[in-house]
Amino acid sequence: MSMAVAGMVAGMALGFAGYFGGFGAFLLVAALGAIGFVVGRFVEGDLEPGDFFRSRERGDRRR
């Protein structure tokens, strides 16, 4: 599935949640979608748990 199709499906899901469930449902679907995206990246191996918890050192700062 291409990223365009995945984005369209996500947008439609958010639209349905917002229309039928209100703003609270919209936020819930958006938050669960973001969590699912991060978990999917972990499963694919694109992210590691240390990526979120690693501290920045002065040499690593980008301007």
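## Helical architecture

Helices are DSSP runs of H or I with at least four residues, numbered from the N terminus. In this predicted model, the chain contains three helices and zero strands, giving the pattern α-α-α along the sequence.

Helix α2 covers residues 23-44. Its 22 residues reach 31 Å from the first C-alpha to the last, close to the 32 Å expected at 1.5 Å a residue. After α2 comes G45, which has a positive phi, near 90 degrees.

## Surface and burial

Of the 63 residues of the chain, 2% count as buried. The accessible surface amounts to about 5700 Å², and carbon and sulfur atoms contribute 64% of that area.

A nonpolar surface patch of about 980 Å² is formed by M1, V5, M8, V9, M12, F16, Y19 and F20.

## Aromatic residues of helix α1

The structure holds three aromatic pairs. One of them joins F16 and F20 in a stacked arrangement, 6.0 Å centre to centre with 10 degrees between the planes. Both residues, F16 and F20, belong to helix α1 and are four residues apart, about one turn of the helix.

Y19 and F20 have ring centres 4.9 Å apart; their planes stand at 85 degrees, so this pair is edge-to-face. Y19 also lies in helix α1, which spans residues 3-21. Together, F16, Y19 and F20 form one aromatic cluster.

The relative accessibility of Y19 is 69%, and Y19 therefore counts as exposed. F20 is likewise exposed, with a relative accessible area of 62%.

Notes: Residues numbered from 1 in each chain as written. Predicted model: local features only at pLDDT ≥ 70, side-chain atom pairs only at ≥ 80, totals over all residues. Heavy atoms only, no water. Helix = DSSP H or I, 4+ residues; strand = E, 2+ residues; numbered from the N terminus. Buried < 20%, exposed > 50% of the residue type's maximum accessible area, 1.4 Å probe, protein only. Areas by Shrake-Rupley, 256 points an atom, 1.4 Å probe, with all protein chains shown as cover. Patch = residues over 30% accessible without salt bridge, like charges linked within 9 Å, V, L, I, M, F, W, Y side chains within 5 Å. Salt bridge = Lys/Arg side-chain N within 4 Å of Asp/Glu carboxyl O. Expected span 1.5 Å × (residues − 1). Phe/Tyr/Trp six-rings, centres within 6.5 Å; stacked < 30°, edge-to-face > 60°.
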